[in-house]
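Subject: Handing over the model

Hi,

Here is the structure I promised to pass on to you. Have a look at it first, then read on for what turned up.

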Amino acid sequence: MGPSVFVLENPIQDYAWGSHTAIAELLGRPACGPEAELWIGAHPKAPSRIVSPPDLGTLDSAIQADPIGLLGHDVCDRFGNELPFLLKVLAAAEPLSIQAHPNHDQARRGWDRENAEGIPIDAPRRNYRDPNHKPELVCAISPFVALEGFRPADEIARNLEPLARPEIAAELARFARERTPLGLRALFARLMTLDAEEKASVLKRTAAEAERRRADPAWDWVGRLLTRYPADVSALSPLYLNLLTLAPGEALFLPAGELHAYLGGTALEVMANSDNVLRGGLTAKHVDVPELLSMLVFEGRSPEVLRPHQARPGERVYRSPAREFELALLDVAAGRPFVPGPGRGVEILLGLSGGAALRAGDAVTPLGRGGAVFVPASVPSYTIEGEGRVCRASVP
């Protein structure tokens, strides 16, 4: 009997901002409160459980027991016997925090520092929960609203001008004149460190302007965020971050240091296997502004929306600079199965629609909507048959 495909049962994070319907509908069961993220992978915080074959436990423990057989020599050599990516389904009924993720060096230094300070891994004030960076790619399943990266300089200056005087007037004038990363950092830092009296004054003017400018999508979102977070200056973020709505199938790549927030919708998210998040606001969780300022990239630009590249018939791949992951959509139909190309490695497959099935040797595994499987590197090949769409996360 050859190596087996693993059928997975996957943990759900029930954060308050989660949808009451999206993940439940994907899994074909009734909703049971807010469900924010479906995690599919081997992150130690919430690893997937192997349902079949039986008695193998969680995916991370199975990988520890046989890293070469499950991950392959190449992945083990490159990433130290660990699955380097985590696949999620993210379902946001309400906005997430404004946040960014560290690069490799920042994550390692922060991890070592907080360990030396004796901060428990699960402490609310902990910033670094592992020593890894966290580039990520988000791909819309439904229309998906996001804030991503600083806007071009002229847009930031124009949007913030009605709010400038007197609290941020000097920093905004300098940034509008010089348009440098240093000037953008100074402006953002000033906004994020206003004292209570200054913040109240800025937010009062912001609320009035948002009411007056509702026809502008950015200002409309400012008003909506202020309704939920009336004392949080990060409600201004749609004025200085790019606001966009991804259509289903469109994607964004978020490198380290990119300030962003997800405002609503359902999406696939694949990332390096990390849970490191530096938050700046729009949350009741821990916010560390000095640490956030130390790791952000202060460059204004228009966002790059990714669309998949047709690699082969039925296979569309999202290209990104990430070493740890690649995302693809696989479409199969009657008489048009999918067979991976030569040299495939470890993969996770998630059924998105239809009633596909995976055939590996003599074994057939259903891969319909919500079904998830782990395909070890040692499985020589497989075929996806039937009709449907499947998401594939792999290592490029």
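A word you'll need first: a residue is called buried under 20% relative accessible area, exposed over 50%, and partly exposed in between. Also keep in mind that this is a predicted model.

R179 has a relative accessible area of 49%, so it counts as partly exposed. You'll find R179 in the loop between helix 7 and helix 8 (181-192). The backbone there is worth a look too: the phi of R179 is near 55°, a positive value in a residue that isn't glycine. D55 also has a positive phi, near 70°, and isn't glycine either. D55 sits in the loop between strand 4 and helix 2, and with 77% relative accessibility it is exposed.

Why point these out? Most residues other than glycine have a negative phi, and most peptide bonds are trans.

That brings me to the peptide bonds. The bond from S52 to P53 is cis, with omega near -5°. P53 belongs to the loop between strand 4 (49-52) and helix 2 (59-65). Another cis bond joins R165 and P166, with omega about -5°, and P166 is in the loop between helix 6 (153-160) and helix 7 (169-178).

Now the charges. Side chains of opposite charge can pair when their charged atoms come close. How many salt bridges are there? The count comes to 31. Here are some to click on:

- R228 and E94 pair up, with their closest N and O atoms 2.5 Å apart. R228 is in helix 10 (217-228) and E94 is in the loop between strand 5 (85-92) and strand 6 (98-100), so this pair ties together parts that are 134 residues apart in sequence. R228 is partly exposed at 42%, and E94 is partly exposed at 29%.
- R177 and E178 form a salt bridge, with the closest N and O atoms 3.9 Å apart. R177 is exposed at 59% relative accessibility, while E178 is partly exposed at 38%.
- E385 and R359 meet at 3.1 Å, N to O. E385 lies in strand 19 (383-385) and R359 in strand 16 (347-360), so the pair links parts that are 26 residues apart in sequence. E385 is partly exposed at 26%, and so is R359, at 35%.

Some salt bridges also share partners: E211, R214, D220 and R224 are joined into one network that way.

Terms used: Residues numbered from 1 in each chain as written. Predicted model: local features only at pLDDT ≥ 70, side-chain atom pairs only at ≥ 80, totals over all residues. Heavy atoms only, no water. Helix = DSSP H or I, 4+ residues; strand = E, 2+ residues; numbered from the N terminus. Buried < 20%, exposed > 50% of the residue type's maximum accessible area, 1.4 Å probe, protein only. Salt bridge = Lys/Arg side-chain N within 4 Å of Asp/Glu carboxyl O.
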